[in-house]
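Me: I'd like to go through a structure with you, one question at a time. Could you show it first?

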Amino acid sequence: MPKLHDLADYAATMGPVIGAVHVNVHASARAQDAGLLPGFLIDLRFTLPLRPLSRRSLATIYRYGDAAELDAEIQDHLDLGMLEEDGDGALRATAKALAFIDGLYAVHAATTERIWAGRDLKTLAELAGRVIGAAGADPGDAQGATTDLGAFAAMAPPYEPVGTPAGVLLFNRLAALRYHRADSHAAAWRAAGLTAGEIVVLGPGPLRDRIERETNRRAAEPYGAITEHERALFHDGLLALV
């Protein structure tokens, strides 16, 4: 159990719990429907129906990936008719992509209903929503200013059409919250003078420990939107879903 009064300690504990819940749904959904394609529309399912994305935003979302591979995947989605690009460079979901996303939401609804049967998903989704609502779009500060708007600003709030079941609300809200932690981590390693390539290969040691502490400090603030009792419910409830 994390120290509920210590938000940084709580954030440190919740990071891997949220990650495990998120990965479990994806793995279970793929086992249920092996035809889950194409590419990064699975990641972008809860943002593209609401807002276009720029190539710069995508580069931030996939900040640890290869730029040439990302450009190639964007082009693949354009060629497949899943994305269209405006004259100003905005990438928008096409009707074909929106139909795919509707189908993906149905798969995730069936998956979460199956693997989370009997759980209080409504309460957990409500808590996740309050945490997201309290999360700033940019966890950088004067000691570690960001050079972009961040992945969280591009990915939140998530697409939640009327009638979306609690399991899908929870799944997508947790997915969006992971981008806030990712931005917190990026702000921390930038403040330490590192690049994306350097943090990927950085081994254990004092610098890594310092970056992780700073990551948790930056990622902690949104959890102040829920009480200590609610933090315990959120932690224990999510842990039970893994």
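This is a predicted model: local features need pLDDT of at least 70, side-chain atom pairs count only at pLDDT 80 or more; totals for chains, interfaces and linings use all residues.

Reply: Residues are numbered from 1 along each chain as its sequence is written, and side-chain values use heavy atoms, with hydrogens and water left out.

Me: Are α7 and α9 parallel, antiparallel, perpendicular or oblique to each other?

Reply: Helix α7 covers residues 166–191 and helix α9 covers residues 206–220; helices here are DSSP runs (H or I, at least four residues), numbered from the N terminus. Their axes are 8 Å apart and the packing angle is about 135°, with axes being lines fitted to C-alpha atoms over the stretch in contact and angles running from 0 to 180 degrees between N-to-C directions. Under 35 degrees counts as roughly parallel, over 145 as roughly antiparallel, 65 to 115 as roughly perpendicular and the rest as oblique. So α7 and α9 are oblique.

Me: How many charged residues does the contact of α7 with α9 have?

Reply: Contact means heavy atoms within 4.5 Å, and the residues making it include Arg181 and His185 of α7 and Arg208 and Glu212 of α9. Ala, Val, Leu, Ile, Met, Phe, Trp, Tyr, Cys and Pro count as nonpolar, Asp, Glu, Lys and Arg as charged, and the others, Gly among them, as polar. By class, there are six nonpolar and five polar residues, and the charged ones number five.

Me: And how do α4 and α7 lie relative to each other?

Reply: Helix α4 (residues 95–115) has an axis that comes within 8 Å of the α7 axis, and the two cross at roughly 105°. Tyr105, His108, Ala109 and Thr112 in α4 meet Gly167, Val168, Phe171 and Asn172 in α7. From that angle, α4 and α7 are therefore roughly perpendicular.

Me: Which elements give two or more residues to the lining of the largest pocket?

Reply: A pocket is an open set of points on a 1 Å grid over the protein atoms alone, where a 1.4 Å probe fits, with protein on both sides within 12 Å along at least five of seven lines; lining residues have an atom within 4 Å of a point. Of the 20 lining residues, the closest to the centre are Leu177, Arg178, Tyr179, Arg181 and Ala182. The lining divides into 11 nonpolar, five polar and four charged residues. The elements giving two or more are α1 (7–32) and α7.

Me: Where is Pro157 found?

Reply: A cis peptide bond joins Ala156 and Pro157, with omega about 0°. Pro157 sits in the loop between α6 (151–155) and α7.
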